[in-house]
Amino acid sequence: MGNRSMISRTYDNVFVLPAIHARQHPIQPAAHAVSLPVDPLRQYASPMLNISALCIDRHLGDHADRAAIIWPGSGARPEERVSCQALHEHVCRLANALLDQGVQRGDRVAIHMPLMMESIVAVLACIRIGAVHVVLAGVSDVPALAERLAQCGAVVVLTDIETGGIEGSVSSKARLDSALAIAGARCRVQMVLVVARAAADVPMKPGRDHFYDAVVDWYEPDFPPAVMFADEPLFLLYPSHRSGRERGVSYTVGEYSRLTSYAMEMLAPQGNEEIPYSLLNMAWNAGQTALVVSVLAKGSTIAAPGDGLQPQNG
């Protein structure tokens with residue numbers, strides 16, 4: 001199959017991915033969505049490989065120095081080449097930080113920022129500790145964002161201060177602040193981690209808002225992936241282009257694993273096609289993370305040109 005036809009077929013199926021499990025039950029509002037305790041020593045369930053190990057740990061033996069993510073420089077920020085070893089350390093530091101700050105397996109962590117190195121790390125760190133991640137990057141309407149934050153019951157939110165280079169545009173952090181104010185007591189958010197460059201002037205709410213680097217860099221760069229079971233929740237997806245009151249769909253570990261496998265087969269059936277950034281970005285803004293995870297799982301490098309990410313085969 002040619003590259004053009006592969007890309008066409010992939011674009012046609014990006015938003016079909018959630019339909020694989022369309023019969024799932026929607027989540028309940030936060031008031032009825034208290035995380036249930038998870039027995040780590042289940043007697044009748046088979047453990048599954050933690051997907052974060054598939055994305056990073058398995059590449060450390062022979063390809064520790066291979067670039068996993070390449071991010072271009074902009075302004076005072078130089079180009080970053082994140083090796084598999086460095087990505088592993090970034091993910092483990094954030095996993096330790098989240099766990100130390102009270103995030104337990106089954107808790108929900110919202111990611112309200114565009115596709116970037118830290119957002120990829122956030123997805124893998126949540127998977128590593130068994131927390132449920134939900135991407136709200138494409139939600140630009142403040143009331144809709146407030147409604148989804150209240151519904152999903154997120155206890156931590158990761159955001160950034162970028163505006164996408166659009167003059168007059170509101171940053172993700174400013175949009176999040178307004179949404180949290182609207183959600184009020186209905187929201188369970190206890191911490192906001194803000195990705196910001198050095199010397200950035202950002203309004204921060206004492207006790208709730210913290211700079212990402214100032215918190216995460218203190219933690220150890222090693223964290224064993226949690227043992228997961230097929231029926232545990234792992235991912236929450238809100239239908240794209242729907243109203244803020246539309247409830248999300250919860251995916252278990254087993255369902256998300258099948259979703260990732262399907263994405264790997266769909267993205268590169270021949271094993272050697274490059275995946276355009278526009279495809280990954282479109283899926284990310286729709287709240288879908290399986291495409292990004294599958295690129296790392298199959299051992300490719302996510303390389304960003306000047307205007308975005310471009311996966312390259314390793």
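This is a predicted model: local features need pLDDT of at least 70, side-chain atom pairs count only at pLDDT 80 or more; totals for chains, interfaces and linings use all residues.
Let me start at the end of a helix: α6 is followed by G153, whose phi is positive, near 70°. Helices here are DSSP runs of H or I of at least four residues, strands are runs of E of at least two, and both are numbered from the N terminus. Residues are numbered from 1 along each chain as its sequence is written, and side-chain values use heavy atoms, with hydrogens and water left out.

For the overall picture, the chain has 11 helices and 13 strands, and 54% of its 314 residues count as buried. By buried I mean under 20% relative accessible area, with exposed being over 50% and partly exposed in between, using a 1.4 Å probe and protein chains only. Contact means heavy atoms within 4.5 Å, and of the contacts in the chain with a separation of 6 or more, 74% are between residues 24 or more positions apart.

Back to α6, which spans residues 142–152 and is mostly covered, with 9 of its 11 residues buried. Those buried residues are A144, L145, A146, E147, R148, L149, A150, Q151 and C152, and they pack against the strands β4 (108–112), β5 (132–135), β6 (156–160) and β10 (233–237), as well as against helix α7 (172–183). At the N-terminal end, α6 is capped by D141, a side-chain oxygen of which lies 3.0 Å from the backbone nitrogen of A144.

How many disulfides does a search of the whole structure find? The search finds 0, a disulfide being a pair of cysteine sulfur atoms within 2.5 Å. In the case of C152, the closest cysteine sulfur is in C187, and at 7.4 Å it is too far for a bond. C152 itself is buried, with a relative accessible area of 0%, and C55 also counts as buried, at 2% relative accessibility.

C55 belongs to the stretch of helix α2, residues 51–55, where S52 is also found. S52 is buried, with a relative accessible area of 0%, and its side chain makes polar contacts with the side chain of N50 at 2.8 Å and with that of R128 at 3.0 Å. A polar contact is a pair of N or O atoms within 3.5 Å; within protein, one must be able to donate a hydrogen and the other to accept it, and residues adjacent in sequence count only if both atoms are side-chain atoms. Not counting residues up to four places away in sequence, S52 touches D57, L124, I127, R128 and P225.

Two of those partners, L124 and I127, also take part in a helix pair: I120, V123, L124 and I127 in α5 meet V292, V293 and L296 in α11. By class, that contact has 7 nonpolar, no polar and no charged residues, where Ala, Val, Leu, Ile, Met, Phe, Trp, Tyr, Cys and Pro count as nonpolar, Asp, Glu, Lys and Arg as charged, and the others, Gly among them, as polar. Helix α5 (residues 117–129) and α11 pack at an angle of about 85°, with their axes 11 Å apart. The axes are lines fitted to C-alpha atoms, for helices over the stretch in contact, and the angles run from 0 to 180 degrees between N-to-C directions. Angles under 35 degrees count as roughly parallel, over 145 as roughly antiparallel, 65 to 115 as roughly perpendicular and the rest as oblique, and α5 and α11 are therefore roughly perpendicular to each other.

Helix α11 (residues 290–297) also packs with α10 (residues 277–285), at an angle of about 135° and with axes 8 Å apart, and this pair is therefore oblique. The contact is made by L279, L280, A283 and W284 of α10 and by L291, V292 and V295 of α11.

Finally, two loop residues. Q101, in the loop between α4 (84–100) and β4, is partly exposed, with a relative accessible area of 38%. Leaving aside neighbours within four places in sequence, Q101 is in contact with M191 and Y219, and its side chain makes a polar contact of 3.2 Å with the side chain of Y219. R208, in the loop between β7 (191–195) and β8 (209–211), counts as buried at 13% relative accessibility, and a polar contact of 2.6 Å joins its side chain to that of D209.
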